[in-house]
Amino acid sequence: METISENHCFGGMQGVYSHTSDACSCDMTFGLFLPAEAADGPVPVLWFLSGLTCTHENAMTKAGAQAWASEHGIALVFPDTSPRGEGVPDDEAYDLGQGAGFYIDATVAPWDTHFKMWTYVTEELPALLGDNFPLDMARQSITGHSMGGHGALTMAMGLEGRFRSVSAFAPICHPTASDWGRKQFAAYWGDEANWGPHDATLLMQELGFDGPILIDTGTKDQFGDLLGTAHFAQAMAAKRQEGQIRLQKGYDHSYFFISTFMEDHVTFHAEALYA
């Protein structure tokens, strides 16, 4: 593992690191914020999964999460959104290929060699973090934005007992019924019969989540029709799922929206992580 940068931040340390990923067959980069409490022992972990076109850097520099994580003594992990580099396949469209990993494991060429983001985020990177940093991997929560909200919700429901709480900012809630999902799943998995359990609405209908959920979506989100928020709300109600979906008046899909409500989300997760 290589240290790219480390900067003092809100009494703690914001680092950026790279390593060779076996899952993605390329070098991967991630950000990690450690609060001051990490100097005294392992601290709980909050994952932030970013959206389409983003890297590890977007939320790390724009979301304002470190201030609130520092207040609660929580580490923040900012993974990249896809594999990258020479030899990694890509597409001219912004919503496929590099920057658009969708947090799933591709099975169809040319994507199947590198695009293994589910395995990377749920297995390889947690093991690397646990071995190298003072993190309490028994206390984890997860959040994300847009495509990353899809990843957060599906990982929380698909990995029973892993995360104590899950939240999302404008998540893609029903990808199998959206152009932000059907296109990518078809490319990465081929025939619809192979798409697997990576749809938050379908997972809510079947499994639910053993913990609290918080979702914020703006009423002026320019991608609202692609998100499927109403479908997920119906599934939550039918499942009698603990949680909230809040429609925030006038807000769009941007990091201005995310940073506005970041304090609420970090506080929400802190309550679960320290329960």
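This is a predicted model: local features need pLDDT of at least 70, side-chain atom pairs count only at pLDDT 80 or more; totals for chains, interfaces and linings use all residues.
Where is the place of Phe10?

**View 1. Phe10 in a loop between two strands.** The place of Phe10 is in the loop that links strand 1 (2–9) with strand 2. Phi of Phe10 is near 50°, a positive value in a residue that is not a glycine. Most residues other than glycine have a negative phi. Because exposed means over 50% relative accessible area, Phe10 counts as exposed at 52% relative accessibility.

**View 2. Ser25 in the loop between strand 2 and strand 3.** Ser25 is found in the loop between strand 2 and strand 3. Although Ser25 is not a glycine, its phi is positive, at about 55°. With a relative accessible area of 39%, Ser25 is partly exposed.

**View 3. The contact of helix 2 with helix 9.** The axes of helix 2 (residues 65–72) and helix 9 (residues 255–273) come within 9 Å and cross at roughly 30°. Angles under 35 degrees count as roughly parallel, and helix 2 and helix 9 are therefore roughly parallel to each other. The crossing of helix 2 with helix 9 is right-handed. From helix 2, Ala65, Trp68, Ala69 and His72 take part in the contact, where they meet Met262, Glu263, Val266, Thr267 and Ala270 of helix 9. The residues of this contact comprise six nonpolar, two polar and one charged.

**View 4. The kink in helix 3.** Helix 3 (residues 117–132) has a kink of about 35° at Leu125, shortly before the proline Pro126. Both Leu125 and Pro126 belong to the buried residues of helix 3, which also include Met117, Trp118, Tyr120, Val121, Thr122, Glu124, Leu128 and Leu129.

View 5. Pro110 is found in the loop between strand 5 and helix 3. The peptide bond from Ala109 to Pro110 is cis, with omega near 5°. Most peptide bonds are trans.

**View 6. Ser146 and its surroundings.** Ser146 has its place in the loop between strand 6 and helix 4. With a relative accessible area of 3%, Ser146 is buried. Leaving aside residues up to four places away in sequence, Ser146 touches Gly51, Phe169, Ala170, Pro171, Ile172, Trp180 and His253.

Methods. Residues are numbered from 1 along each chain as its sequence is written. Side-chain values use heavy atoms; hydrogens and water are left out. Axes are lines fitted to C-alpha atoms, for helices over the stretch in contact, and angles run from 0 to 180 degrees between N-to-C directions. Helices (H or I, at least four residues) and strands (E, at least two) are DSSP runs, numbered from the N terminus. Angles under 35 degrees count as roughly parallel, over 145 as roughly antiparallel, 65 to 115 as roughly perpendicular and the rest as oblique. A crossing is left-handed if the near helix is turned anticlockwise from the far one by less than a right angle, and right-handed if clockwise. Contact means heavy atoms within 4.5 Å. Ala, Val, Leu, Ile, Met, Phe, Trp, Tyr, Cys and Pro count as nonpolar, Asp, Glu, Lys and Arg as charged, and the others, Gly among them, as polar. The bend at a residue is the angle between axes fitted to the seven residues ending there and the seven starting there. Buried means under 20% relative accessible area, exposed over 50%, partly exposed in between (1.4 Å probe, protein chains only).
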